[in-house]
Amino acid sequence: MQTDVQWFVSALIDNELVTLEDATALDNELGGDSDLGTFAQTFLERYVAATGMSEEDSAQLVESIQPLIDYAVEQAESGEMPAFALEVEPKKISGGKLPGPKRRPKPAAAAPAEAPARQAAAQAPAPEAPAEGSAAPEITVASEGFEFFDHLPEMSDKQLAETMKNLLFQLVDYGASDLHISANSTPFVRRNLKIERLSNTVITAEYAEKLNTVLLTPEQKAKFKEDMDMNFALELNKSRYRVALMVQKDGVSGSYRIVPSKAKSLEELGFLPKDAETITKLMDYPNGLVLVTGPIGSGKTTTLASLINICNNNREDHIISVEDPIEIVQPPLKCQITQRQLHDNTESYSNALRGALRQDPDIIVIGEMFDLETIENAITASETGHLVIGTLHTCDAANTMNRLLDVFPPSQQTQIRAMTAGSLRGIICQRLITGSDGNITIAYEILINTLAVGSIITEGQNFKLKGEMQTGQKAGMTTMDATIFEKYKAGMVDYEVALANITDATTLQDLKREMAIREAKKLAAAAQARQAAENQK
């Protein structure tokens with residue numbers, strides 16, 4: 001943490017504008033190394049929002065805070081350090097709620113020249129080290145309503161089954177994306193990309209196995225016991241979950257991904273309107289290859305379902321999809337849809353691809369393209385009159401092309417590059433980031449196969465793809481950095497999130513320039529408010 005920010009926090013504490021705990025939480029959220037301007041601006045925004053201040057009071061607060069900022073800068077230049085240090089790591093796992101002041105402040109007075117930060121440090125309770133051999137300190141849980149974890153030994157198998165069902169139903173309403181139940185661990189969920197504990201109860205190996213297998217059929221239990229790994233789709237009262245079970249050193253672990261009940265539109269997923277239009281046009285091609293890529297947990301499945309839904313509403317074709325497992329069930333609208341589940345309906349993606357070509361499909365959807373045979377069959381199918389939509393676990397367009405082509409032996413590289421250059425229609429690469437509303441939103445880039453892109457692929461110069469995407473906006477292309485910047489300008493992403501996720505130097509300069517313009521407008525608005533208040537006196 002920068003020294004001037006530490007002195008600013010010290011002055012805020014002295015004026016009873018913030019507690020040490022809240023200042024620590026805000027510092028951790030900003031990454032621990034934010035500049036004084038960012039920290040002060042964020043604090044002011046949170047304070048005004050949390051206290052419901054009027055415009056007049058807000059303007060007065062801005063005016064009162066400026067002497068504290070000047071004082072912090074002066075003290076930092078002196079080389080001295082305040083008598084306390086903020087923690088680097090958060091004290092607890094929270095549900096994404098942002099720290100804010102707990103009471104309406106009195107107008108802040110400027111800090112004295114002799115900073116009394118040591119007094120604030122003396123008043124702050126020192127953390128107590130746990131005695132040797134004592135239990136670990138309790139973790140603050142995310143929410144009430146999960147006390148049943150304390151009573152697992154009192155439940156029968158039937159009650160455990162009902163408990164698991166009710167827990168999964170609760171998590172849908174709670175807005176979680178994943179539930180994790182592991183042996184020798186406390187239960188937790190992932191919500192808006194953050195981990196939240198549901199209970200302080202450590203689940204034993206016995207009850208981890210019971211909870212994770214209580215909803216399995218006898219056949220599934222036998223298979224899991226034999227394989228020690230299992231992936232399947234679970235449907236409960238029209239809600240669907242993707243379940244992954246495994247055996248680890250302490251016992252059984254289970255992960256439950258909450259699956260949307262229906263396909264969403266591209267705009268609902270967070271794609272900007274102009275980009276949603278570009279992607280929709282890709283679904284008009286009668287043949288070719290469209291790839292949806294991104295790391296695990298980046299929302300590829302929901303985007304894939306949205307693309308199928310676009311075809312289902314706009315075309316009159318036969319769609320065959322192969323998934324592991326089937327997550328979002330797509331009812332036939334204008335299209336006839338055949339959904340196949342790996343291992344239940346087919347042995348492998350490559351087998352399913354070969355079988356699909358004999359079923360008169362127009363569109364083939366491949367849940368995951370990860371081996372040579374599957375990729376080769378997909379490229380061949382895209383060349384023989386079918387629109388093929390598939391996914392890859394890659395982080396950007398250039399890596400996608402490298403991954404797609406490098407699985408082939410050197411003797412086939414030239415041929416495959418030529419085939420891909422001719423059949424590729426576009427690549428959508430995505431990942432999830434935190435939105436300005438506290439929920440998650442999608443960050444993405446789009447590559448469209450133009451003549452220039454096709455030439456780059458044919459020549460094996462994939463490193464040039466990013467530059468082509470930066471200059472190919474008229475063709476509908478966009479980079480990850482450009483998308484995040486556009487979302488920041490639209491108010492969909494906060495400055496701190498954009499700053500942490502943009503890597504291009506030019507886009508970073510544009511971001512900082514936009515932030516400076518906004519800050520200038522805020523200062524001008526505050527000055528106008530003060531002037532208006534003075535005129536009314």
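In the predicted model, both F8 and F43 are buried. F8 belongs to helix α1 (residues 3-14) and F43 to helix α3 (residues 36-51), so their pairing ties together parts that are 35 residues apart in sequence. The ring centres of F8 and F43 are 6.5 Å apart and the ring planes stand at 85 degrees, so the pair is edge-to-face. Ring pairs also bring in F39, which forms a cluster with F8 and F43. The count of aromatic pairs comes to 6.

Charged side chains are placed over aromatic rings at two sites, described here in turn. R191 lies over the face of Y174, 4.2 Å from the ring centre. The charged end of R518 sits over the ring of Y488, at 4.2 Å from its centre.

T374 is part of helix α13 (residues 372-383). With a relative accessibility of 0%, T374 counts as buried, because the limit for this class is under 20%. The side chain of T374 makes a polar contact of 2.8 Å with the side chain of D371. Beyond its neighbours within four places in sequence, T374 is in contact with Y349, S350, L353, I366, E368 and M369.

N449 is located in the loop between β13 (440-448) and α16 (451-459). The N449 side chain reaches two backbone atoms: the oxygen of L424 at 2.7 Å and the nitrogen of G454 at 3.2 Å. Both L424 and G454 are also among the residues that N449 touches, together with T420, A421 and R425, when residues up to four places away in sequence are not counted.

Technical notes. Residues numbered from 1 in each chain as written. Predicted model: local features only at pLDDT ≥ 70, side-chain atom pairs only at ≥ 80, totals over all residues. Heavy atoms only, no water. Helix = DSSP H or I, 4+ residues; strand = E, 2+ residues; numbered from the N terminus. Polar contact = N/O pair within 3.5 Å; in protein donor to acceptor, adjacent residues only side chain to side chain. Contact = heavy atoms within 4.5 Å. Buried < 20%, exposed > 50% of the residue type's maximum accessible area, 1.4 Å probe, protein only. Phe/Tyr/Trp six-rings, centres within 6.5 Å; stacked < 30°, edge-to-face > 60°. Lys NZ or Arg CZ within 6 Å of the ring centre and 35° of its normal.
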